[in-house]
Amino acid sequence: MRRPILLLLVLVTAGCRLPRPHTTYLLDGAALPGYERSLDHAGLIASLDRDAVGRGMVTYRTACYSCHGDPEQPGSLPNARRFWEEPLRNGADPHALYQTLTRGFGLMPPQVRLTPREKYEVIHFLREEFLKKRNLAQYVPVTDAYLARLPAGDTRGPAPQPYRPWAEMDYGDFLIHTYELADANDPPRRISGGRSPLPNEDFRDVNFAYKGIAIRLDEGTGGVAAGTAFVLFDHDLMRMTGVWTGEGFIDYESILLNDRHNIFPRTVGTIAVENPITPGWANPATGGFVDPRFVAVDGRPFGPLPRAWAHYTGLYRHGRRVVIAYTVGDAAVLESYDLRTSGQAPVVGRTLDVGAASTALTMRIAPLTAAVRLAGQGGTLAREDGFHVLKIPPGTPAHVTIWLAAAGVDVAAAARAGDPPGDLRRFTRGGPARDTDVLSTPIARGPDRDAYAVDVLTLPRDNPWKSRVRPSGIDFLPGGDEAVVTTIDGEVWRITGITQPHGMIRWRRIATGLFQPLGVKYHHGAIYVGCRDQIVVLRDLDGDGETDFYESFNSDHQVTEHFHEFAMGLQTDAAGNFYYAKSARHARTALIPQHGTLMRVSPDGRTSEIVATGFRAANGVLVNPDGSFIVTDQEGYWTPMNRINWVEPGGFYGNMYGYGAPADASDQAMARPLLWLDSKHDRSPSELLWADGPRWGPLGGSLLSLSYGTGKIFVVMTQAFDRIRQGAVVALPVPQFPTGIIRGRFNPKDGQLYVLGLSAWATNQTMQEGGLYRIRYTGRPLRLPVGMKAQTAGIELTFASPLDRAAAAPGAFAVTVWDLRRSSEYGSKRYNTRTLRVARVTLAADGRTARLQVPDLAPTWVVEVAYDLRAADGVAFEGVVQGTIHALEGNARVP
């Protein structure tokens with residue numbers, strides 16, 4: 001079963017008390033499929049290997065984790081079995097566990113959609129990862145004698161179906177992405193390999209829509225992924241890229257679709273009509289089609305046309321109809337598509353409403369090999385330079401439908417088969433909602449054992465759209481009890497009831513089809529979403545709670561097909577400017593000016609500029625109160641270890657593969673980070689944020705770093721003197737999250753921290769594909785460093801709570817330092833590792849500040865201070881502080 005059966009569990013969780021568990025199976029043996037009565041259980045169990053553990057983990061995280069959780073984060077159902085510490089009431093051997101999964105037991109519903117192999121794989125996973133490592137009393141060894149006692153059988157049941165959730169999801173009737181328009185007979189893709197930097201492929205003849213809007217044309221449910229006829233529109237060039245038909249839509253080859261690196265999605269099927277990569281409309285000022293855009297070193301032009309030529313303004317959705325809005329010169333254009341057939345061949349109606357322009361307009365329809373017919377007023381057909389073109393005189397509004405199909409298709413017959421949609425303006429005022437379901441999920445309140453507790457806000461995984469719900473951004477609406485959450489699969493959800501201590505929260509899907517959103521900001525009464533192709537403003541035109549107009553606020557930056565160039569985060573400053581980070585290519589030199597940059601967009605969205613350069617994979621942006629920024633970066637080529645960067649405008653932050661890197665590759669030519677963050681603490685830092693106000697306890701006002709790589713939250717301790725900034729981190733003592741944590745916001749209503757994230761690329765935390773959590777202050781003591789200073793006399797650590805003076809001795813601390821080497825190689829080894837002697841520890845009068853005398857302390861790339869202490873109240877605690885020392889305060893000479 002690829003989707004958990006949660007109805008019973010949600011109903012149980014929503015009640016005031018749990019019913020008494022059943023003590024018998026929920027399904028009678030006669031109700032099971034016939035193959036269950038002749039299964040070769042011994043053969044299935046004996047075939048399990050290490051690979052089966054991995055497959056079982058995938059099944060566990062999609063079908064089991066939400067209720068059961070893991071040792072770090074218990075699941076959302078209080079009575080769900082904690083495999084790592086509790087006895088298993090129906091038996092713990094593989095066959096007994098199989099019966100529980102197959103027939104249901106107590107509150108555990110039968111997993112009727114899992115095949116026998118999948119059930120034994122998930123059993124193998126929980127036995128190897130939970131029972132064997134943490135609950136050995138429940139681990140029953142599998143011996144030859146045990147296998148011989150199992151029921152005999154001669155079948156292993158049906159084969160599991162391929163796990164393809166990316167192809168099963170309802171994305172809505174359009175999906176924006178970078179696509180290669182490809183025919184079924186095209187040769188395989190050729191992606192270069194070898195040592196970095198990888199050579200550029202010759203993609204000049206590949207028909208990419210870098211900002212492609214794929215729209216389903218045929219009728220039916222399930223959205224664009226379930227369609228059989230499609231049109232692709234390129235909103236960089238305002239061109240219809242092409243029309244294709246076939247089962248499957250695209251091949252889903254993408255890091256955020258089917259998890260494949262270094263590749264891009266292709267259309268699947270047969271191309272009926274195709275346009276090359278040229279502007280869709282002639283330049284109104286010249287009447288020509290010469291492409292004026294930026295040309296990269298590989299010979300390809302990228303980015304949108306100049307605004308004075310053509311500009312994409314957004315997309316309307318009215319029921320299942322999609323209307324694209326843009327300008328050509330001073331004329332406003334609306335464009336929509338309809339499908340007819342002539343025999344078995346598709347015929348597409350391209351309807352355009354074009355406002356009166358001050359100059360003549362010319363649009364390329366399709367190459368002369370296509371069949372074309374024009375209906376409507378205000379425009380005429382012509383042939384120019386190998387294309388059918390539409391001509392519109394100056395001062396003349398036009399309403400036309402262009403029927404087009406492959407060569408030899410009778411488009412006239414198809415055009416007569418039905419009327420075109422008429423005036424497209426009627427679809428721009430709001431229309432019938434498509435996704436009206438409101439889903440409810442429980443809040444699982446965490447225990448108040450420590451200073452900070454974690455509540456799980458359960459995701460609506462059991463939903464009508466088969467969405468994996470992989471959260472990628474969050475912001476709060478006025479009042480704080482509602483939030484908007486984006487997912488990496490292009491959705492935006494509106495959730496209510498988020499601040500209540502327990503109970504049910506409600507989810508409504510309000511937008512779909514966006515291109516890898518990784519940031520969201522509620523600003524001046526509107527919801528802004530940061531996507532890979534643009535910043536979008538969501539407009540509900542008729543008040544029904546669903547987005548009717550996806551307004552393009554800014555689409556200036558250029559996009560290539562490369563999998564790695566995410567647009568990360570979305571923030572604003574006091575003046576209303578927007579900020580996001582644009583990642584560079586992986587293992588390749590830059591192609592476009594935005595590769596590896598921090599970007600600023602003006603308050604009106606009309607202009608954008610590069611603020612700083614030299615980033616590799618900058619996962620999020622923090623705008624500081626003083627107008628500076630904090631941007632993280634990830635270990636890789638020219639980045640020896642993860643970086644937390646305190647960014648100043650104009651700075652270069654080290655990645656020589658980023659655009660505009662200086663000729664000087666030395667360390668002295670780059671701005672140094674606030675700190676190097678070692679991968680053993682966090683392999684992939686994401687966004688930072690300031691703890692907002694005193695309601696978050698002793699850490700109110702602190703700087704926090706979220707970890708995508710290890711699912712942790714770090715307190716960042718900064719030190720500034722003599723124009724030097726340096727810092728260190730320590731992990732917040734909360735359970736490690738089962739998914740990568742990528743974004744967070746403090747809620748203005750309750751003052752607590754809400755974080756979310758997903759597991760998609762380069763994270764250790766793969767137990768769950770996504771999660772949403774509340775970290776709240778409980779009022780209990782916090783035993784954690786909250787400040788660190790590197791000084792000529794040694795290291796000063798300040799703790800949130802007083803220390804036991806007897807425990808604060810030199811032996812309670814261990815100081816280790818090491819160096820890194822920045823190069824074109826991936827990351828860096830640890831060089832010159834050494835342990836420094838702590839000669840003496842002096843505790844301040846308040847008992848909170850420990851001054852460590854470290855005679856050999858000197859500037860170093862990485863410093864690590866491990867501590868094993870006891871608080872003044874007698875509670876023992878331990879941890880590790882890790883940071884960077886650029887200079888010692890009191891002797892600020894920089895090496």
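Two strands are taken to pair if DSSP finds at least two bridges between them, and helices (H or I, at least four residues) and strands (E, at least two) are DSSP runs, numbered from the N terminus. What follows concerns a predicted model, in which local features need pLDDT of at least 70 and side-chain atom pairs count only at pLDDT 80 or more, while totals for chains, interfaces and linings use all residues. Residues are numbered from 1 along each chain as its sequence is written, and side-chain values use heavy atoms, with hydrogens and water left out.

The confidence of the model comes before its details. The mean pLDDT (the predictor's confidence in each residue, from 0 to 100) is 92 for the chain, and 96% of the residues reach 70 or more. Over residues 1-23, however, the pLDDT is below 50, and this stretch has 45 contacts in the model beyond near neighbours in sequence, a contact meaning heavy atoms within 4.5 Å. Where pLDDT is low, the predicted coordinates should not be read in detail.

Among the helices, H3 (residues 50-63) and H6 (residues 116-134) pack at an angle of about 100°, their axes lying 7 Å apart; such axes are lines fitted to C-alpha atoms, for helices over the stretch in contact, and angles run from 0 to 180 degrees between N-to-C directions. H3 is therefore roughly perpendicular to H6, a term that covers angles of 65 to 115 degrees. On the H3 side the residues that meet H6 include Arg50, Val53, Met57 and Tyr60, and among those on the H6 side are Glu121, Phe125, Glu129 and Phe130. The residues of this contact divide into seven nonpolar, three polar and six charged, where Ala, Val, Leu, Ile, Met, Phe, Trp, Tyr, Cys and Pro count as nonpolar, Asp, Glu, Lys and Arg as charged, and the others, Gly among them, as polar.

Turning to the sheets, nine strands form an open sheet in the order E19-E20-E21-E22-E17-E18-E41-E40-E39, with antiparallel pairing. Strands E19 (471-476) and E39 (743-746) stand at the edges with a single partner strand each, so one side of each is left without a neighbour in the sheet. Neighbouring strands of this sheet are turned by 25° against each other on average, direction ignored.

Another open sheet, of four strands, has the order E42-E43-E47-E46, and its pairing is antiparallel. Its edge strands are E42 (785-791) and E46 (840-843), each of which pairs on one side only. E46 pairs with E47 (residues 849-853) in the antiparallel sense over four bridges, and Thr842 has Arg851 in E47 as its bridge partner.

Strand E23 (residues 519-523) has four of its five residues buried, so it is largely enclosed by the rest of the structure; buried means under 20% relative accessible area, calculated with a 1.4 Å probe on protein chains only. Five bridges join E23 to the antiparallel strand E24 (residues 526-530), with Gly519 having Gly530 as its bridge partner in E24. In the hairpin of these two strands, E23 and E24, which has two residues between the strands, His524 takes a positive phi near 50°.

Leaving aside its neighbours within four places in sequence, Val729 is in contact with residues including Ile644, Leu675, Phe714 and Val880.

Note on methods. Angles under 35 degrees count as roughly parallel, over 145 as roughly antiparallel, 65 to 115 as roughly perpendicular and the rest as oblique. Buried means under 20% relative accessible area, exposed over 50%, partly exposed in between (1.4 Å probe, protein chains only).
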